[in-house]
Structures are given as C-alpha cells and as structure tokens.
Amino acid sequence: MTTLLDGYREHIVAAHKQPLFLLLVGFITSFVCIRFSVRMIRAEVRWWFRNVTPGGLHIHHMVFGLGFLLVGGVGVFATYGGHPWIDWFGLVFGIGCGLVLDEFALILHLDDVYWSEQGRKSVDAVIFGILFTALLLVGYVPLGVVPSQETRWGLITVISVNALASVITLIKGKMWTGLLGIMVPGLSWIGAIRLARPSSPWARWRYATRPRRRARALRRERLLHRRADRARTWLFDLIAGAPDKVPANHPAAHRVAERMSARATAHLDAHAARALARRQARLADRRSAAAAGAGAANPPAAGGPYGAGGPGGGPALGAQQRRRAIRAGRNRTYAVRPTGVEHCSGRHPRLRPHTRRIHR
C-alpha cells in the first residue's frame, strides 16, 4: 500500500495529473454503476430501483449526465482552475461523461435503441473514451507531439505521415486501429498497409476493378474479422448485457430494414441510371417517329379509333407519355384501348390484326 501511495504521489500528483485521474475514475465508476442499474431494472428485480418516470415521462440518465457535464465544465471556469476545485470538478465531469456516452446510440439514432443491436455503439463510445483518457494519463499525446520539444522537420514529417496513415486506416473501415493510431504513432501504419474491409469506402473505390484483391478481403473478413466480431460480441454481452431479440414482424425490425434498404439504394450509380433513362427515351422517340412516318404513308380511315381524333391522340402524345414515365422512374407504359370501344371493322386493308393463331 505504501508503494502504491508513493507511486501515486510521484506519477499523478507531482505530474499535475490528478484532475485527469479523477475524471477517469468518475468516468469508469459512473458507467459501471449505471450499467448495473439498468440491468437490474431490465431483470425486474424487486429490491432495486425503477426507471424515473414522473407523470409517465421516461427520463433517460443522459439528462442527468448533461447536468453533471455542465456543473463540471462551468465550475472549472468559475474557479479559474484552482485547487482543490479542479479536482472535484474533474470527478463530476467524468461522471457526466459516463452517463452521456452510455446512451450515445440514442443520441446518434434519435431513437430508443438502448437494448438493440444499434445500442452497441454506446459501448464502443465508452470504451474509446476510457482508452483515450487512459492514454493521456499515461503520457501519450496526439500524433506524438511533445510541446516542450523544439520544432524539427523530422518530427513534422513523422506527424504528417502518421496523420495520413490514420485517415487511410479510417477510410479502410478499421475504426479502432485508426483512432488509436492517432495517439500511438506507428499503429495506424499497419492498418494503412493491410487490406481494407469489404464494406469500407476504400473497398468500394479501389476494389471494384480488382476482383482478386476483393476476394482476398472477403476471405479475410470471413476468417479473421468474424472471429474478432464474435469475441467482441461476447465481451459486450458480458459488459452491457445481450440485446433484445426482435422478431421479424416487429415494427422496429421493419424500420431498421427500411433504413438499410435506403442506404443500399443510395449507393447506386445515379449517373448510369440517368444514362439508361435517356437511352430508353431516345429509342421511344425513334419508334414514335417511325410510326408517324408509316401513318403518313398509309393514313387510317377517318373517324377510326387510331385517327387524328381517336382516343390514342396520335404518336406524338404516346411519345410524350413514355418520356414522362421514364422521367418519373417508372417502366415504359403502352397505350391501352379504353373500355367500351368496340373493335373497328373498318381497319385499313394493309394493317393486319394481331390475332394469335391456334395450331391444331
């Protein structure tokens, strides 16, 4: 115990890191306590508390977290960061961070997804916040910058290369490696060199014309990342509890499916779709022009259903309808004879009726 106290005084108090240490303690303590509380409420334990619902309104604990954040942040500025106030306000601020980030998924989705698969983003945010604060407490600084050192071109080059590698790693879909690579120089370089995940923007941009590399990325995703995802799921279930199994016909499942389909549709190539619509419109115009030329060479009987005053309205009207249908994103429609109009027997002799023969 004496050794721990001496190490605390030497590495925390003497290094002026006690406010940051108390912030980390409040962060971890509030997260553990609130997760234990909500799991007890979920299990409907009789001797535990219930949700705060005054007047039937469910108040989430991130509301109390925002209050702690305001008190801690404003208190530091109000006391000019003096001791011992900065230590206590650092603890209060850490408690607020744990309460707010525990419901990060609710803020992100603007929906109560606490016990769903989308709620796992809250655990990601909390773990990253704890790791980031712990690295700052240990002594790591972003991109390896040390304020007391003199500015050197070698250091600037390393910082620039590390920042570029971190951005490439994030684009490749490796969030943890990229974010931690900002704090630990060299970690993001490994992620920037290795293959990207198949669902990442890098894979969509670079692997579309490289089937072998895409196949390697898919193989690695099946073998390596799925095992890592299973381990991550087991760890998150242990920390935060397993999510609810939503049935397929549940309204929440329909909402998630609609969001996923909308995101997938947004990735379609709009330029190719517009080119296809223009090509179909040009073909329709050529057909209508050919039909108009044939009609001018062989005019139909006056007053017939396909004459100038017929219900079809001529080939020009049909071409306009097809163009409107293509612009609206629908399939090309064909003119249908209105009901109640009898078949005209006075058809031009050169126009053969389209009657299907029955071969016996």
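Trainee: Is Y8 buried, exposed or partly exposed?

Mentor: Accessibility is read against two cut-offs: under 20% is buried, over 50% is exposed. Y8 comes out at 26% relative accessibility, so Y8 counts as partly exposed. Bear in mind that this is a predicted model.

Trainee: How confident is the prediction, then? What is the mean pLDDT of the protein?

Mentor: The mean pLDDT is 76. Of the residues, 69% reach 70 or more.

Trainee: Where does pLDDT stay under 50?

Mentor: One stretch is residues 302-312, where the model has eleven contacts beyond four places in sequence. Another is residues 330-348, with 15 such contacts.

Trainee: Back to the rings. How many aromatic pairs does a search of the whole structure find?

Mentor: The search finds seven aromatic pairs. Take Y8 and F21. Their ring centres are 5.3 Å apart and their planes meet at 65°, so this pair is edge-to-face. The angle cut-off behind that label is over 60 degrees.

Trainee: Which helices hold Y8 and F21?

Mentor: Y8 belongs to helix α1, residues 2-13, and F21 to helix α2, residues 18-42. The pair therefore ties together parts that are 13 residues apart in sequence. F21 is partly exposed, at a relative accessible area of 27%.

Trainee: What is the geometry of the Y114 and W115 pair?

Mentor: Y114 and W115 are edge-to-face too, with 5.1 Å from centre to centre and 85° between the planes. Both residues are buried.

Trainee: Which residues form one aromatic cluster?

Mentor: F36, W47, W48 and F49 do.

Trainee: Which charged residues lie over the face of a ring?

Mentor: Look at W115 again. R42 lies over its face, 4.1 Å from the ring centre. K172 does likewise with W202, at 5.1 Å from the ring centre.

Trainee: Which residues of α6 are buried, and what covers them?

Mentor: The buried residues are R120, S122, V123, D124, A125, V126, G129, I130, T133, L135 and L137. The cover includes α1, α2, α4 (85-101), α5 (104-109), α8 (175-183) and α11 (211-240).

Trainee: On to the backbone. Which residues does a cis peptide bond join?

Mentor: Read omega: for the bond between H83 and P84 it is about 0°, and that bond is cis. P84 sits in the loop between α3 (61-78) and α4.

Trainee: Which residues other than glycine have a positive phi?

Mentor: E44 is one of them, with phi near 60°. E44 lies in the loop between α2 and α3. At 62% relative accessibility, E44 counts as exposed. Y80 also has a positive phi, of about 60°, and is not a glycine. Y80 is in the loop between α3 and α4. Its relative accessibility is 77%, so Y80 counts as exposed.

Trainee: Where does D112 lie, and what is it in contact with?

Mentor: D112 lies in the loop between α5 and α6. At 52% relative accessibility, D112 counts as exposed. Set aside its neighbours within four places in sequence. D112 is then in contact with H60 and L106.

Trainee: How far apart are D112 and H60 in sequence and in space?

Mentor: D112 and H60 are 52 residues apart in sequence. In space they are 9.8 Å apart, C-alpha to C-alpha.

Definitions and conventions: Residues are numbered from 1 along each chain as its sequence is written. This is a predicted model: local features need pLDDT of at least 70, side-chain atom pairs count only at pLDDT 80 or more; totals for chains, interfaces and linings use all residues. Side-chain values use heavy atoms; hydrogens and water are left out. Rings of Phe, Tyr and Trp (its six-membered ring) pair if their centres lie within 6.5 Å; planes under 30 degrees apart count as stacked, over 60 as edge-to-face and the rest as tilted. Helices (H or I, at least four residues) and strands (E, at least two) are DSSP runs, numbered from the N terminus. Buried means under 20% relative accessible area, exposed over 50%, partly exposed in between (1.4 Å probe, protein chains only). A charge sits over a ring if NZ of Lys or CZ of Arg is within 6 Å of the ring centre and within 35 degrees of the ring normal. pLDDT is the predictor's confidence in each residue, from 0 to 100. Contact means heavy atoms within 4.5 Å.
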